Amino acid sequence: MTTPGTDDVRRDKVVTERRLHPVTPLRRAWAPVAVLLGWALHDLDGTQRQLARLTTTTLLIALAVLIPAAALYGFLTWWFTHFAVTESELRIRTGLLFRRTAHIRLERIQAVDVTRPLLARVAGVAKLKLDVIGTDKKDELAFLGEGEARALRAELLARAAGFAPETAHEVGEAPARQLLNVPPGVLAVSLVLTGATWGTLIAALVVPSVLWFFTHNLWTVLATALPLIGAAGASSVGRFVTEYDWTVAESPDGLRIDRGLLDRAHETVPPGRVQTVRIVEPLLWRRRNWVRVELDVAGSSNSVLLPVAPREVAESVIARVLPGVTVPPVSSLSRPPRRAGRCMPLWWRGYGFTVTEAVFAARHGLLRRSLALVPHAKVQSVRLTQGPWMRLWRVADVHVDTGANKTVTARLRDAGEAAELLRAQAERSRTGRKGARPDRWMA
């Protein structure tokens, strides 16, 4: 007679553990060098004084010790890293001095992303990142051969969908149908028309000039200018490089996103795990009827669905993410009462709210409008808040909390309306969860 789980244990014993790609030690060998550089840059003046005292022979000896030590570290960390797919889990063993074993239950895997940084693309390898329910940090396998990475991704998704181990290898990657591709020219124009790009660029030019005029201190100017220039680059060039060739495709395991100019990423929006969809509309995009679509996904770092797209196209893609949901028209959004202007002058005009059979929808912003859609089934709790000044003018805020630890708020509603909304939304959320589809792959 065998105890429960004995067969699993026996099968796990014969599972063959695998190592990462042999190029991995080259990546990990940089760790000791990075620590040394960080220590040196922490006290730059002291480092310069110490280097001035060293002779050429001493420096050559130090390099002769450092390079083999870094290479040995990279090799050993690779040698002591193994992974294996068992009957019920993905097992990853890592650690040179302190051992760590991650047991990732296959049924809890909600997304498996493939990323290929520039140097990895040259070497023909890829990184596998796993989104697992209940964990904030992604586990990863870096690096695998490109073919092996895609085959392992397909196997993990098939196993997560409930396919038997003996057939998971035969399932392969689910077919995909392209829904949208963002042309590079459209992406570039959208970044030029984004207020954040111009704001950070103007700040990078004006603030250092003002500091130089008043202080004439080069280090103060550089300490201020470099972060501002970096922010300006991240909001323009950085976003262009990251969001280049953005492609959205539909497959049985969710919406797939491929993007990146230098580093290519292959991501998946997990089905049924999207908690909130936000339609963002910057001021200068309105004449072109462009919008940006952002997501809150439970337990996942996926945050952008579309960097820029016509509103009609964006709404059709949103319907794929939230089946049965129609984006409410702007005319259906009700503004707060006029007395709300006493609580928040001018900006109260940017607030709007409506409830449909499928979603709780709230808008905010005058210059950069943002409409948040929360399916009733994804609402975890509902709250009403009302400060002393808001009580005086008989208005209140209604907050809905989602499973992604985010909150969407209907701002400055009439106090009576807010109280009724609190009660009604709690009931809608309860009934919505009963009829919600299962959060399963290929369901």
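Tutor: Let us begin with a term: contact means heavy atoms within 4.5 Å. Please keep in mind that this is a predicted model.

Student: Across which strands does α9 lie?

Tutor: Helix α9 lies across β12 and β13, and runs at about 95° to β13.

Student: What is the order of the strands in the sheet?

Tutor: The open sheet has six strands, in the order β13-β12-β11-β16-β15-β14, and their pairing is antiparallel. Its edge strands, β13 (304-310) and β14 (352-355), each pair on one side only. On average, neighbouring strands of this sheet are turned by 15° against each other, with direction ignored.

Student: How many bridges join β11 and β12?

Tutor: Strand β11 (residues 274-281) pairs with strand β12 (residues 290-297) in the antiparallel sense over six bridges.

Student: At what angle do α9 and α11 pack?

Tutor: An angle over 145 degrees counts as roughly antiparallel. Helix α9 (residues 184-192) packs with helix α11 (residues 218-243) at about 155°, their axes being 10 Å apart. Therefore α9 is roughly antiparallel to α11.

Student: Is the crossing of α9 and α11 left-handed or right-handed, and which residues make the contact?

Tutor: The crossing is right-handed. From α9, the contact involves P184, L187, A188 and L191; from α11, S235, S236, R239, F240 and E243 take part. The residues of this contact comprise five nonpolar, two polar and two charged.

How values were computed:
Residues are numbered from 1 along each chain as its sequence is written. This is a predicted model: local features need pLDDT of at least 70, side-chain atom pairs count only at pLDDT 80 or more; totals for chains, interfaces and linings use all residues. Side-chain values use heavy atoms; hydrogens and water are left out. Axes are lines fitted to C-alpha atoms, for helices over the stretch in contact, and angles run from 0 to 180 degrees between N-to-C directions. Helices (H or I, at least four residues) and strands (E, at least two) are DSSP runs, numbered from the N terminus. Angles under 35 degrees count as roughly parallel, over 145 as roughly antiparallel, 65 to 115 as roughly perpendicular and the rest as oblique. A crossing is left-handed if the near helix is turned anticlockwise from the far one by less than a right angle, and right-handed if clockwise. Ala, Val, Leu, Ile, Met, Phe, Trp, Tyr, Cys and Pro count as nonpolar, Asp, Glu, Lys and Arg as charged, and the others, Gly among them, as polar. Two strands pair if DSSP finds at least two bridges between them.
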